[in-house]
Amino acid sequence: MVKRRVHVAAAAIISSDGQKALIARRPSNVDHGGLWEFPGGKLAPYETGLEGLKRELHEELGVEIRRAQPLIRIHHEYPDKHILLDVWQVHEFSGEPFGREGQAVRWVPLDELVNYPFPAANLPILQAVMLPTEYLISAEEADEDIFDACLERALVEDRVRLVQLRAKNLDEAVYLARAERALARCRQHGAQLLLNADPALLEKVDADGVHLTSERLMSLERRPIAEDKWLSASTHDHRQLGQAARIGCDFVTLSPLRTTPSHPEVAPMGWHDFQQLVERAAMPVFALGGMTRFDANHARAVGAQGIASIRDFWKAPEA
């Protein structure tokens, strides 16, 4: 049986303070009736994703999009159809949203979205709206004072809100001590900390999740941590992206996009190949490898969640 292919545009409309998202309840007489969703609808054959979304939001909510940016594209298989969800993050709009078709609409704090029932195809959107666009990977810093100063600067001056603690050269006791200090600083500034370490260390440090190396990722048969913690992984090709999806990763880094000083022998994939891999990733993807914050808009334009970096964020404070 040839499945129907349905192209749907959806909007992650975020409040001006960045704390809430607008969701709508599906009518009871349609597929997935009664579940909540990010508003949008099917595209006409002649429409682009943004054109269709502008029309749908005007018809459904009475608002006009002023500024929007690609967020994520999701391919989802149902028994009878293939859905492509073309999701845009709406940064600015005019009008006061309300259910013009009688549907319930609600502003919901981002951290409470998980309490609402959504169709399965919407679940990666939840992850994308709850994640920032910048992902800091800490440097292999031996000096604890320098480490603390660099992290503090990134949290305060760059306002980084997602941090991966990478310190492969430390023994477990020293790593755990650093993790406790880093976690306290992250909590102080409203950031989240992921451990690039054995997932079992979450039992000793109550961080926000774990980042898997590609080697650890490929060795696993199932998700190694609880669903209420972030699970990310390093990926480099479609095979590793597929494994990340199978074990239930929430997001990944994909690299190297450019040649990097740390791995000059590895051929970069470039933007075209990166975009082709992201298209089928089924989860948020951070671009990694020679990235700076000036690449963030380009990364978003080709489907990435944002950029991950060591060197662009990890700098000692100015004297």
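The model is predicted: local features need pLDDT of at least 70, side-chain atom pairs count only at pLDDT 80 or more, and totals for chains, interfaces and linings use all residues. Residues are numbered from 1 along each chain as its sequence is written, and side-chain values use heavy atoms, with hydrogens and water left out. Helices (H or I, at least four residues) and strands (E, at least two) are DSSP runs, numbered from the N terminus.

**Helix 7**

- The buried residues in helix 7 (residues 270–279) are Trp271, Phe274, Leu277 and Val278.
- Viewed down the axis of helix 7, these buried residues fall within an arc of 125 degrees, so they line one face of the helix (the arc is that of the directions from the helix axis to the C-beta atoms).
- Their cover includes helix 6 (238–246), strand 13 (251–254), strand 14 (285–288) and helix 8 (296–301), where contact means heavy atoms within 4.5 Å.

**Aromatic pairs**

- The whole structure holds 8 aromatic pairs (rings of Phe, Tyr and Trp, the last by its six-membered ring, pair if their centres lie within 6.5 Å; planes under 30 degrees apart count as stacked, over 60 as edge-to-face and the rest as tilted).
- One of these, between tyrosine 135 and phenylalanine 251, is edge-to-face, at 5.6 Å centre to centre with 75 degrees between the planes.
- Because tyrosine 135 lies in strand 8 (residues 134–137) and phenylalanine 251 in strand 13, this pair ties together parts that are 116 residues apart in sequence.
- Tyrosine 135 is buried at 0% relative accessibility, and phenylalanine 251 is buried with a relative accessible area of 0%.
- Tryptophan 271 and phenylalanine 274 also form an edge-to-face pair, since their ring centres are 6.0 Å apart and their planes lie at 85 degrees.
- Being 3 residues apart in helix 7, tryptophan 271 and phenylalanine 274 are separated by about one helical turn.
- One aromatic cluster consists of Tyr135, Trp230, Phe251 and Phe286.

**Backbone features**

- Serine 255 and proline 256 are joined by a cis peptide bond, with omega of about -5 degrees; proline 256 belongs to the loop between strand 13 and helix 7.
- Alanine 282, although not a glycine, has a positive phi of about 65 degrees; alanine 282 is in the loop between helix 7 and strand 14 and is partly exposed, with a relative accessible area of 37%.

Methods
Buried < 20%, exposed > 50% of the residue type's maximum accessible area, 1.4 Å probe, protein only.
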